[in-house]
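Subject: A structure for you to look at

Hi,

Here is the structure I promised to pass on to you. Have a look at it first, and then read on for what I found.

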Amino acid sequence: MGHKTRWGILGTGRICGTFAEALAVLPDAELAAVGSRTKSAAAAFAGRYGVSRAHESYEALARDPGVDAIYVGTPHNLHESNTILCLEAGKAVLCEKPLALNEGQARRMVDAARRTKRFLMEAMWTHFLPAVVRALEMAGRGAIGEPRMLQADFGFKAPFDPQGRLFNPALAGGSLLDVGVYPVSLATRLFGDPGRIQSSAVLGETGVDEQAAMILDYSGGWQAVLSSSIRTETGHSALLSGTEGSLRLVPPFWKAQRLIVTSKGGEESIDLPYEGNGYTHEARELMRCLAEGALESPRMNHEFSLRVMRTLDRIRAPWGLRYPGE
Ligand SMILES: NC(=O)c1ccc[n+]([C@@H]2O[C@H](COP(=O)([O-])OP(=O)(O)OC[C@H]3O[C@@H](n4cnc5c(N)ncnc54)[C@H](OP(=O)(O)O)[C@@H]3O)[C@@H](O)[C@H]2O)c1
């Protein structure tokens with residue numbers, strides 16, 4: 001067997017635990033270290049997931065010579081500084097979605113990856129799931145004619161906590177960056193950069209968008225009608241309509257395991273389960289790229305993540321929602 005990729009996890013929150021579970025089913029991955037702001041959280045996480053080394057700072061994790069790649073699972077506002085810290089310490093980075101708060105931050109992260117010649121990828125895991133990969137491939141080869149309209153939503157009801165990551169502007173709260181990024185990313189994959197964007201948001205008492213609706217128009221006459229929420233349970237659907245039929249990622253679309261294709265020939269249901277808890281696929285992609293010496297993934301490259309950030313910035317601009325430091 002070849003060299004295992006030695007992973008570090010930066011942060012000890014909810015998604016960090018989920019990612020640790022994903023690594024556990026990958027024979028080529030070793031979860032070597034975790035880094036936290038506090039010694040107690042690092043030790044507790046290490047104990048829970050069987051991690052060899054627990055660091056009581058992110059800096060110590062970044063400096064750990066026994067780590068090849070670091071997964072950054074902190075709130076969005078910290079992605080830029082945490083990622084650059086790791087890149088400059090010589091590590092490959094898989095950074096949670098959205099890559100950053102805005103395009104400017106994302107660009108500085110990409111610049112750092114290029115300067116340090118280290119791998120960087122946004123952890124937009126959905127795009128690596130077999131059902132989503134197949135849907136995009138079928139759409140691309142004309143299975144539903146010309147795809148012209150995407151309707152997609154991601155909304156869930158989060159308990160209201162003004163200090164928590166989802167509602168606190170200081171932690172880049174709001175629905176667009178947290179979950180709206182999924183439909184926007186899917187639309188970007190299908191249609192590229194939008195021309196006209198119309199959007200409307202309900203800003204809550206902490207000032208962040210608790211619910212948002214958007215219409216993206218593309219030069220080819222294509223459209224995406226998208227929504228996001230942290231106050232509302234939506235249907236989590238993604239329906240792509242084309243001139244000859246439609247393609248539906250069975251909800252929740254962001255972790256779809258089944259695809260329904262409707263065309264003149266009738267309806268076809270295709271089961272495409274993901275491996276492990278689904279996050280394994282993005283981890284595999286990083287390891288595959290490292291083995292090949294690639295500095296970015298051809299399946300989730302820097303330019304793609306920058307495009308998504310640019311569109312998120314444009315969607316948010318008319319709302320007057322600025323995060324601290326922007
Ligand atoms: N891909 C997915 O399915 C998915 C799902 C959920 C979230 N996410 C993304 O993952 C990131 C984290 O989300 P989460 O739900 O895991 O958040 P979370 O449970 O609040 O955990 C965030 C972690 O970041 C660290 N942190 C550093 N500074 C912090 C601060 N000022 N306030 C709070 N935490 C801080 C903490 O770890 P230490 O205390 O150990 O330093 C904390 O445990 C977000 O960017 C989110 O978009 C992705």
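How far apart do the C-alpha centres of domain 1 and domain 2 lie? They are 26 Å apart. Please keep in mind that this is a predicted model. The domain assignment puts residues 5-126 and 279-295 in domain 1, and residues 130-273 in domain 2. Where the two touch, domain 1 contributes eight residues and domain 2 contributes 10. On the domain 1 side, four of these residues are nonpolar, three are polar and one is charged.

Now for the whole protein. You can count nine helices and 14 strands in it. Its radius of gyration is 19 Å, close to the 20 Å that the globule rule gives for 326 residues, so the protein is as compact as a globular protein of that length. The C-alpha trace spans about 55 × 50 × 35 Å along its principal axes. Of the 326 residues, 49% count as buried. If you take the contacts with a separation of 6 or more, 67% of them join residues 24 or more positions apart.

The buried ones are His79, Glu80, Asn82, Thr83, Ile84, Leu85, Cys86 and Leu87. What covers them includes strand 1 (5-10), strand 4 (69-72), strand 5 (92-96) and strand 6 (120-123), along with helix 3 (58-63) and helix 5 (103-116). Just after helix 4 you will come to glycine 90, which has a positive phi of about 95 degrees.

Next, find the open sheet of eight strands, which has mixed pairing and the order 8-9-10-7-11-12-13-14. Strand 8 (197-203) and strand 14 (266-271) are its edges, and each pairs on one side only. On average, neighbouring strands here are turned by 10 degrees against each other, direction ignored. As a reminder, strands of a sheet pair through backbone hydrogen bonds, either parallel or antiparallel. Strand 11 (residues 238-242) and strand 12 (residues 245-249) are an antiparallel example, with five bridges. Within that pair, leucine 240 has leucine 247 of strand 12 as its bridge partner.

Finally, look at helix 7 (residues 175-191), which lies across strand 7 (147-155), strand 9 (209-217), strand 10 (223-229) and strand 11. Helix 7 runs at about 165 degrees to strand 7.

Enjoy exploring, and write back with any questions!

Best wishes

Terms used
Residues are numbered from 1 along each chain as its sequence is written. This is a predicted model: local features need pLDDT of at least 70, side-chain atom pairs count only at pLDDT 80 or more; totals for chains, interfaces and linings use all residues. A residue is buried if 20 or more other C-beta atoms lie within 10 Å of its own, exposed if 12 or fewer, and partly exposed in between; C-beta atoms are placed from the backbone. Helices (H or I, at least four residues) and strands (E, at least two) are DSSP runs, numbered from the N terminus. Two residues are in contact if their C-beta atoms, placed from the backbone, lie within 7 Å. Two strands pair if DSSP finds at least two bridges between them. Axes are lines fitted to C-alpha atoms, for helices over the stretch in contact, and angles run from 0 to 180 degrees between N-to-C directions. Domain bounds come from an automatic or database domain assignment. Ala, Val, Leu, Ile, Met, Phe, Trp, Tyr, Cys and Pro count as nonpolar, Asp, Glu, Lys and Arg as charged, and the others, Gly among them, as polar. The radius of gyration is taken over C-alpha atoms; the globule rule is 2.2 Å times the number of residues to the power 0.38.
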